[in-house]
Amino acid sequence: MTRSRAPETIDWSQLWYPGPRRVFTAAEMAEAGQDGPSRTMLVVTLANVAILVGVLLVMAPPDVVGGLMLSVLAFLLASSAAANWVWWRPSRLGLLQASLGATFAPLVVTWLVRSWVPERSDRVWHGVVLAGGVGVVVVMLWFVAVWRAQQIESRLRERAEREQAIEMARRLAAAQLEPHFLFNTLASLQHWVDTGDARASRLLSALTGYLRTTLPMFDRPLLPLADELAAVRHYLEVMRLRLGDRLQVEIDVPTSLGAQRLPPGLLLTLVENALLHGIEPQLAGGRLWVRALRDTAPGGPERVVLEVQDNGPGPAPDPSPRQGTGLTNARQRLQLAYGHPAATLELAAADGGGAIARIRWPFEPQASTRP
Amino acid sequence: MNTRQATALVADDEEAPRDQLLAGLRSAWPELDVVAVAGNGVDAWDAFLEHEPDLCFLDIRMPGLSGIEVARRIGERAAVVFATAHGDHALAAFDAGAVDYLLKPVTADRLAQTVQRLRLRLASVPGGADPTALAAVLARLTAAQPRRLPTVLQATVGREVRLIPVDEVVYFEADARYTRVVHAGGDALIRTPLKELLAQLDEQQFWQVHRSTIVHHRHIAAAVRGDEGQMHLLLRGRSERLTVSRHFQGLFKGQ
């Protein structure tokens, strides 16, 4: 491995306040700590206890074995309860509480045992068992706490990474980063870089601008027209560089309408459609218009009208399934935001050939002045 | 081994990827003779008929005719290599079959492989691609390409614009930069070049029989083969004879 790791710094606080430093919230525990205690750990613990019992049976004087066994049983119950406690509360506080519980319960039992049994020379044995038992149990609890904390932490991290990847994929999908668009752009870029063409730099900054404006675009349910238009301008700049004379663009959107909001990606979808179905199929290329205006028809509610027009072959009589989905999807999102018939999206044949897509939605007066 | 220099056609509607491929070919295959470069599907098909290259490098998305449609017309007469920006599902088929494909931006390594493959093919199978593999791929790809066909043509004659229903057309003939439309009621010139018109016509109805002639099949009475391999069409109720060029003689093979 080439990855170098910084030397671990010793956490001295573990000496007086041992246990995992991180405290998991209830939500985190619910997310990554719902599983019960590890069965492997239980088996290993029981095996160790069995060995301890065996050793005591062999080595301790016969007259104290009964009392010792009671103490061991008390330890066993107390420590498993404590381990369970730590399992669900893998923090310093949880470990402290569990350690105290696991120490005091056997002490109390031992004291009771000793008050029944007459004082004899086996005090040493009880002392040894108590001290050893407490030591073993506390160390065990410490391990349980640390192990458990790491388990939950790595699960949370894993989940966060996965969610991040999904989120990124969702955003890319939402941004409709069409692979054809991306790779064709990269193909031009590659060539212009190879040949030292000055267009490389312009294309790269247009593509960067496009990515930067489209990726966060879908974070909000509604986007100011000005922001959407910024993405569209970058997109059209990329296409203009790639297609050269084949693409002419005219954008006429008054700045006063920049704050009007609409679902993100709508305008971009219409522009992409116009390019794909209106401009690219033409041998000589074509012209694309993006226009916005305030529709103050008397009697009706005030609305914003946004148009994307091309001078291509015009809308197909029966749109291909793919084009249909893009348009249907856009229409649904628009009507989800503003309702029907307040907001409409229509595609029609333009006067003098070509297609015109038109979105109308309610004008928001309070949105006119930007915050 | 073919001693003649291999010839190629390169078609892409975008300048930069096209130039990139040309530059790549120059270094990967210096002796390859690129006889034609086209910026759309219509020009690509026309250039194919004019130059008859051994190899065709075709972008898939092109105006006029798509690379797929050009390849289908070329059929077995040349080895076709598709260039595309994105690996559509059909690429698996290309990979397995006779036709090769290149992903844009084209890398030198990948192009070298293609060149290797093409050299082998030219050396072993004169005439090009494995027809069954190509046909299978193309059948799948062409299914999803709806096309809108004009029903009426508008020809300017002096001061008037005459409307000619497309199904009354007998044949089209390229005439310099115009196209002569011969129809039931006479003939007229339209401004759309024949090669562009071709992309707008229903192939089932209108058969291209020559680089500069498209005939409505209903009006063909017979195809007559001459002594030196040439072929002519006789039309129903008309005296003129149309030449069928070598490329299209396969349309008339009898049953």
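This is a predicted model: local features need pLDDT of at least 70, side-chain atom pairs count only at pLDDT 80 or more; totals for chains, interfaces and linings use all residues.

**Helix α8 of chain A**

Residues are numbered from 1 along each chain as its sequence is written, and chains are lettered from A and ligands numbered from 1 in the order in which they are written. Helices (DSSP runs of H or I, at least four residues) and strands (runs of E, at least two) are numbered from the N terminus.

The buried residues of α8(A) are A:L203, A:A206, A:L207, A:Y210, A:T213 and A:T214, where buried requires 20 or more other C-beta atoms within 10 Å of a residue's own, exposed 12 or fewer, and partly exposed lies in between, with C-beta atoms placed from the backbone. Seen down the helix axis, these buried residues fall within an arc of 135° (taken from the directions from the axis to the C-beta atoms), so they line one face of α8(A). An α-helix has 3.6 residues a turn, so residues three or four places apart point the same way. On the face turned away from the buried side, α8(A) carries the exposed residues A:S201 and A:T208.

The buried residues of α8(A) pack against α7 (179–194) and α9 (225–243) of chain A. Across the interface, 20 residues of chain A are in contact with 17 residues of chain B, contact meaning that the C-beta atoms, placed from the backbone, lie within 7 Å. To the side of chain A that touches chain B, α7 and α9 of chain A each supply at least two residues, and the largest share, 10 residues, comes from α7(A). That side of chain A divides into 10 nonpolar, 8 polar and 2 charged residues, with Ala, Val, Leu, Ile, Met, Phe, Trp, Tyr, Cys and Pro counted as nonpolar, Asp, Glu, Lys and Arg as charged, and the others, Gly among them, as polar.

As for the chains themselves, chain A comes to 11 helices and 7 strands, and buried residues make up 30% of its 371 residues. Chain B comes to 7 helices and 15 strands, with buried residues making up 38% of its 255 residues.

Definitions and conventions. Two residues are in contact if their C-beta atoms, placed from the backbone, lie within 7 Å.
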